[in-house]
Amino acid sequence: MISNFEFTSDEEFLGFIATYLQSDDKLVSDLANLSSLIFHYLDDVSWCGFYLLDNDELYLGPFQGKAACTKIKIGKGVCGSAYKRGETLIVDDVNTFPGHIACDSASKSEIVIPLEGFGVLDIDSTSYSRFREKEKSLLESVMNLLSKKINS
């Protein structure tokens, strides 16, 4: 069961996620709680959620934040580009990203972590240059833990 937690380090946060994902909860429940946990753990985040793969599109999954775009073509926007490239994308200023899809005009920076055959974790901030290597490493670790559950 999840309640309000205060994590003192990324290692403690990842340990909690690893333990949590060992439950027999349905995937949609895991994604909903993961988006909430990440949203509340990271500072200066305005949106956090999942876009899930369906043929050649990513469709909106569980998230925290304002209402969002419901479909993104693979290769389009930051989410579709990260998925197509198979690599994490950090965008310091979304207004400079060719083809950026502006679901929320207040968003200034974004990080997207893809998971092949599944979709992406997308996180936005209203601050420029919010995301760095520290967040990239942490969020890729979260997605690796999620991948282990999906593939088990």
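## Salt bridges and a buried serine

Aspartate 30 forms a salt bridge with lysine 149, their closest N and O atoms being 2.6 Å apart. A salt bridge here is a side-chain nitrogen of Lys or Arg within 4 Å of a carboxyl oxygen of Asp or Glu. The pair ties together distant parts of the chain, 119 residues apart: aspartate 30 sits in helix H2 (residues 27-41) and lysine 149 in helix H4. Helices (H or I, at least four residues) and strands (E, at least two) are DSSP runs, numbered from the N terminus.

This is a predicted model, where local features need pLDDT of at least 70, side-chain atom pairs count only at pLDDT 80 or more, and totals for chains, interfaces and linings use all residues. Residues are numbered from 1 along each chain as its sequence is written, and side-chain values use heavy atoms, leaving out hydrogens and water. The predictor's confidence in each residue, pLDDT, runs from 0 to 100, and the protein averages 94.

The structure holds seven salt bridges, including these:

| Pair | Closest N to O |
|---|---|
| Aspartate 10 and lysine 134 | 3.4 Å |

Aspartate 30 is buried at 0%, and aspartate 10 is buried at 15%, whereas lysine 134 is exposed at 54%.

Serine 107 is buried, at 5% relative accessible area.

Definitions and conventions:
Buried means under 20% relative accessible area, exposed over 50%, partly exposed in between (1.4 Å probe, protein chains only).
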